[in-house]
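Dear colleague,

Please find the structure below for your review.

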Amino acid sequence: MAEVAMANGEPERKVMLAIDESEYSHYALIWVLDNLKESLAKSPLFIFMAQPPPKNYPFAASLGSARMYCSVSAVTAPDFVNSVRENNKKLALAFLEKAKEICASRGVNAEIITEEGDPKTAICNVVQKLNISMLVLGERGLGKIKRALLGSVSNYCVQYAKCPVLVVKKP
């Protein structure tokens with residue numbers, strides 16, 4: 001069983017909020033700051049954002065009146081893929097820094113974390129690696145059909161995260 005750090009004789013409770021660029025994540029952040037402030041007084045709020053992994057990008061080249069389509073991947077254009085990877089990281093860090101500023105304005109200490117990968121698995125991996133006590137996510141509000149086809153990050157985390165998961169619904 002994992003060891004729990006002790007602070008003032010009580011177990012340290014690590015809370016992690018996983019965000020993306022949606023308004024649902026912003027609402028979840030504000031909800032955490034309004035409702036869990038006492039719990040966050042003893043340890044920082046961990047704020048996590050996944051960076052999407054680079055994919056194969058279609059590329060069109062004009063050859064007179066014809067067009068040629070080819071796939072751009074890490075093998076064919078590593079500089080392009082590295083540029084996309086760096087831009088994704090910069091974007092994630094910008095969102096995380098903004099969330100950290102919001103926390104600081106409300107007197108909450110926050111630590112930011114970002115990793116590349118599918119959000120579902122990246123979130124669960126970080127929860128396990130940091131021994132998180134509670135994970136908080138915002139619900140995207142996908143309909144039943146979209147959730148069935150695309151899958152839901154919150155549903156996946158509820159099933160596979162190694163800690164309790166709180167899904168904050170925006171009214």
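Leaving aside its neighbours within four places in sequence, which residues is I19 in contact with? They are S25, I47, F48, M49, F95, L96 and A99, where contact means heavy atoms within 4.5 Å.

Before going further, please note that this is a predicted model, in which local features need pLDDT of at least 70 and side-chain atom pairs count only at pLDDT 80 or more, while totals for chains, interfaces and linings use all residues. Residues are numbered from 1 along each chain as its sequence is written, and side-chain values use heavy atoms, with hydrogens and water left out.

I19 itself sits in the loop between β3 (15–18) and α1 (23–35). Helices (H or I, at least four residues) and strands (E, at least two) are DSSP runs, numbered from the N terminus. With a relative accessible area of 13%, I19 is buried; the term means under 20% relative accessible area, with exposed being over 50% and partly exposed in between (1.4 Å probe, protein chains only).

For the chain as a whole, the secondary structure comes to 5 helices and 9 strands. Their order along the sequence is β-β-β-α-β-β-β-α-β-α-β-α-α-β. Of the 171 residues, 33% count as buried. Among contacts between residues at least 6 apart in sequence, 74% join residues at least 24 apart. The accessible surface is about 10,800 Å², and carbon and sulfur atoms account for 54% of it; these areas come from the Shrake-Rupley method with a 1.4 Å probe, and for residues only the protein chains shown count as cover.

Helix α3 (residues 119–130) has 12 residues and spans 16 Å from its first C-alpha to its last, close to the expected 16 Å. The expected span is 1.5 Å times one less than the number of residues. Its buried residues are K120, A122, I123, C124, V126 and V127. N131 follows the helix and has a positive phi, near 55°.

The structure holds 0 disulfides, a disulfide being a pair of cysteine sulfur atoms within 2.5 Å.

Yours sincerely
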